[in-house]
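Visitor: Please show me the protein, and then take me through some of its contacts.

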Amino acid sequence: MTTDPLVERMRPFGTTIFTEMSALAVRTGSINLGQGFPDTDGPAEMLEAAARAVREGAGLANQYPPLPGIPALRAAIADHERRFWSLPRDPDTEVVVTAGATEAIAAAILALCERDDEVVTFEPYYDSYAASITLAGAVRRPVTLRPGPDGRYGFDEGELRAAFGPRTRLVLLNSPHNPTGKVFTAAELALIAELSQEHNTYAVTDEVYEHLVFTDAAEPHVPLASLPGMRERTLRISSAGKTFSCTGWKVGWATGPAPLVSALMRVKQFLTFVNAGPLQPAVAVALGLPDTYFTGFRDQLQARRDHLTAGLTEAGFTVQPSEGTYFVTADITPLGGTDGITFCRELPERCGVVAVPTQVFYDHQEAGRHLIRFAFCKRESVIDEAAQRLTKLGS
């Protein structure tokens with residue numbers, strides 16, 4: 001027997017960078033701007049609905065919910081898709097509730113990919129993408145996002161075309177994009193749609209930051225599923241965690257044509273089966289909040305982005321524009337950094353702040369070796385203190 005009982009294909013995946021950096025923050029007493037979780041609670045209406053469901057057990061809320069999710073939440077998700085994105089959904093056949101977006105992504109890839117199928121995605125990518133593709137026995141075909149002359153991230157059309165081939169099974173797209181803050185443009189989405197249809201692939205879109213696109217973004221967020229010819233081949237994924245500041249609840253969902261939702265659900269039932277019974281009614285309440293909640297939350301995060309960006313710039317970083325999400329990326333080169341992992345491991349001792357090296361989210365690590373990611377989904381007072389500490393780097 002081998003000394004490592006883990007199956008060979010998963011051995012490259014050790015402790016996640018988020019676990020390592022969050023532990024480093026605790027050990028050193030540093031401000032954690034590495035992991036993307038808010039430090040405030042979500043809307044009061046949602047919290048009250050959750051507490052009421054737990055106390056009263058209405059509709060057996062504390063027991064197993066139905067596999068697809070409770071009817072009220074599925075109806076709310078369908079209404080949300082229609083309200084914001086003009087995407088009609090049948091809540092009974094085209095919506096499934098999952099244990100966060102992470103489970104939805106894993107279940108979608110496991111459901112749709114055979115061994116040695118290829119998945120086109122964009123790097124840097126959220127770390128669960130690579131793990132889920134590997135679990136399915138599929139192969140990554142990453143296309144690199146690089147900052148352009150204006151600092152905004154883009155990709156080379158030739159690289160994207162070359163990534164597609166006879167084994168391509170699906171495209172995995174994250175927009176608004178973590179960790180870069182990029183919002184894919186209409187022209188970029190049209191190209192992805194064109195290649196998906198030309199090669200007869202499916203698309204899985206991670207849109208958890210759909211409501212966090214800032215007013216100075218080059219273009220608004222557009223779901224890939226809304227483009228001609230894409231609705232019938234796209235699974236669209238989102239979650240309550242990022243929009244309603246409840247990342248610990250792990251309530252996500254996937255929507256799409258009934259055959260794709262059914263395929264995902266047939267895998268999902270053997271992962272978590274169901275989750276978050278008393279929290280599902282509360283998320284249904286949150287999805288029905290007025291537009292002022294969604295725009296107000298976006299504006300609050302945009303102000304915090306600007307606040308942190310100013311602090312990072314003053315500290316000596318070159319900051320890349322962030323059009324959305326919780327995150328901003330910064331170039332460590334002006335501060336003499338050459339390797340993001342080393343820089344981030346030393347940062348707590350240097351100034352008491354934790355960030356995440358983005359190179360761990362690349363197959364081609366050299367493309368991101370000089371970049372690190374900061375989260376600005378924190379209270380103003382925390383960002384203030386972090387910015388003050390970061391000024392030590394300039395000295």
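Visitor: Which ring does the charged end of K182 sit over?
Guide: This is a predicted model, in which local features need pLDDT of at least 70, side-chain atom pairs count only at pLDDT 80 or more, and totals for chains, interfaces and linings use all residues. Residues are numbered from 1 along each chain as its sequence is written, and side-chain values use heavy atoms, with hydrogens and water left out. A charge sits over a ring if NZ of Lys or CZ of Arg is within 6 Å of the ring centre and within 35 degrees of the ring normal. The charged end of K182 is 4.8 Å from the centre of the ring it sits over, that of F184.

Visitor: How far is the charged end of R373 from the centre of the ring of F327?
Guide: The charged end of R373 sits over that ring. Its distance from the centre of the F327 ring is 3.6 Å.

Visitor: What kind of aromatic pair do Y209 and F327 form?
Guide: Rings of Phe, Tyr and Trp (its six-membered ring) pair if their centres lie within 6.5 Å; planes under 30 degrees apart count as stacked, over 60 as edge-to-face and the rest as tilted. By this rule the count comes to 18 aromatic pairs. For Y209 and F327 the values are 6.1 Å centre to centre and 75° between the planes, and the pair is edge-to-face.

Visitor: How many residues apart in sequence are the parts that the pair of Y209 and F327 ties together?
Guide: Helices (H or I, at least four residues) and strands (E, at least two) are DSSP runs, numbered from the N terminus. Y209 lies in the loop between strand 8 (202–206) and strand 9 (234–239), while F327 is in strand 12 (residues 327–331). The pair therefore ties together parts whose separation in sequence is 118 residues.

Visitor: Is F343 buried or exposed?
Guide: Buried means under 20% relative accessible area, exposed over 50%, and partly exposed in between (1.4 Å probe, protein chains only). F343 has 4% relative accessibility, so it counts as buried.

Visitor: How are helix 11 and helix 13 oriented to each other?
Guide: Axes are lines fitted to C-alpha atoms, for helices over the stretch in contact, and angles run from 0 to 180 degrees between N-to-C directions. Angles under 35 degrees count as roughly parallel, over 145 as roughly antiparallel, 65 to 115 as roughly perpendicular and the rest as oblique. Helix 11 and helix 13 (residues 380–390) pack at about 10°, with their axes 8 Å apart. That makes the two helices roughly parallel.

Visitor: How many of the residues in the contact of helix 11 with helix 13 are charged?
Guide: Contact means heavy atoms within 4.5 Å. Among the residues that meet are R304 in helix 11 and E380 and D384 in helix 13. Ala, Val, Leu, Ile, Met, Phe, Trp, Tyr, Cys and Pro count as nonpolar, Asp, Glu, Lys and Arg as charged, and the others, Gly among them, as polar. The contact divides into seven nonpolar and two polar residues, and the charged ones number three.

Visitor: Why is helix 10 largely enclosed by the rest of the structure?
Guide: The buried residues of helix 10 include Q280, V283 and L287. They pack against several elements, among them helix 2 (44–56), strand 2 (95–98) and helix 11. Helix 10 (residues 280–287) is largely enclosed because its buried residues are six of the eight.

Visitor: How far apart are the C-alpha atoms of A99 and L271?
Guide: A99 lies in the loop between strand 2 and helix 4 (100–112). A99 and L271 are 172 residues apart along the chain, and their C-alpha atoms are separated by 9.3 Å.
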